[in-house]
Amino acid sequence: MSTLSSLVDALASGAVEVVDLTQPLSDRTPLLQLPEPFANTPGFALHELSRYDERGPAWYWNSFEGGEHVGTHFDAPVHWVTGKDSEDVSQVPPARLVGPAVVIDRSAEAAADSDFLLSVEDVRAFESEHGPLPTDGWLLVRTGWDTRAHDQDAFLNANETGPHTPGFSIDCARWLAEETPLIGIGVETVGTDAGAAHSFDPPFPCHSFMLGAGKYGLTQLANLAQLPPTGTFLVAAPLKIVGGSGSPVRVLAFVPRGDGA
Ligand code: 23J
Ligand code: MN
């Protein structure tokens, strides 16, 4: 049997399940908040064109507006100055929108410390237990932050010293970008960088190193708790916005369940 017909059978039997890693996108979706003097992104909004009424008796449709970096979204290399001559979101090759994914769970650590930073040692320890990071694949970090995604204040977790959300250490961001075969990282928080990363050197090291290396970011992921540490196949499908720096993205995970997959 061909590989793809095996997959079709596995999906039909439940041996492979599809898990939606995407948060709902609405006018209530939490937004990144940058300090003065920086510009901030508008949120997502729908505007009704007609709803089976005099404006369109048999059809319902909307226009929508919103920032590229709202909700579960994809960061393209050109988003950061370090990647300014690299791909925009429409130029990412389709083969790089699908690939294997591994999941590191640091939800206990992030619950104990909102400023938890994933280290190179954490990833090395994961590799010792589960094998090397996947070539042309994704590292997803589970922090439990998805449970806050319905509430902007809880999600950003800001006080007088700024936002406090988990992320990656500077060294880890550099190492993942420059020394590993990954094509991207995915997180549950509002951006790939930690809340405190505005004060790191360089500022926002995940953005700086990963996008500078031609790699990608996925943010505001949901349902990572449903994924095993290894064995997931991931599909990330951003809109093909010409010249876009990123896009809201539908992220789907193909996950083996039970035996036979
Ligand atoms: C612009 C400036 C800083 C950051 C970001 C955007 C993001 O997190 C993003 O969504 O790419 S930290
Ligand atoms: Mn972004």
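Student: Which side chain meets Glu-17 in a salt bridge?

Tutor: Quick note before we start: this is a predicted model, where local features need pLDDT of at least 70, side-chain atom pairs count only at pLDDT 80 or more, and totals for chains, interfaces and linings use all residues. Residues are numbered from 1 along each chain as its sequence is written, chains are lettered from A and ligands numbered from 1 in the order in which they are written, and side-chain values use heavy atoms, leaving out hydrogens and water. A salt bridge here is a side-chain nitrogen of Lys or Arg within 4 Å of a carboxyl oxygen of Asp or Glu. At 2.5 Å, N to O, the partner of Glu-17 is Arg-257.

Student: How many residues apart are Glu-17 and Arg-257?

Tutor: Glu-17 sits in strand β1 (residues 16–20), and Arg-257 in the segment after β14 (246–256). Strands are DSSP runs of E, at least two residues, and are numbered from the N terminus. The pair links distant parts of the chain, and the separation is 240 residues.

Student: Is Arg-257 buried, exposed or partly exposed?

Tutor: Buried means under 20% relative accessible area, exposed over 50%, and partly exposed in between (1.4 Å probe, protein chains only). Arg-257 has 27% relative accessibility, so Arg-257 counts as partly exposed.

Student: Why does His-73 count as buried?

Tutor: The cut-off for buried is under 20% relative accessible area. His-73 is buried because its relative accessible area is 3%.

Student: How much of the accessible area of ligand 1 does the protein cover?

Tutor: Polar side-chain atoms lie 2.7 Å from an oxygen atom of ligand 1 for His-79 and 2.9 Å for His-207. On its own, ligand 1 has 320 Å² of accessible area (Shrake-Rupley method, 1.4 Å probe). The part that the protein covers is 87%.

Student: Which residues are linked with Glu-48 in a network of salt bridges?

Tutor: Start with one pair: Glu-48 forms a salt bridge with Arg-51, the closest N and O atoms being 3.7 Å apart. The network links Glu-48 with Arg-51, Asp-53 and Arg-55.

Technical notes
Polar contact = N/O pair within 3.5 Å; in protein donor to acceptor, adjacent residues only side chain to side chain. Helix = DSSP H or I, 4+ residues; strand = E, 2+ residues; numbered from the N terminus.
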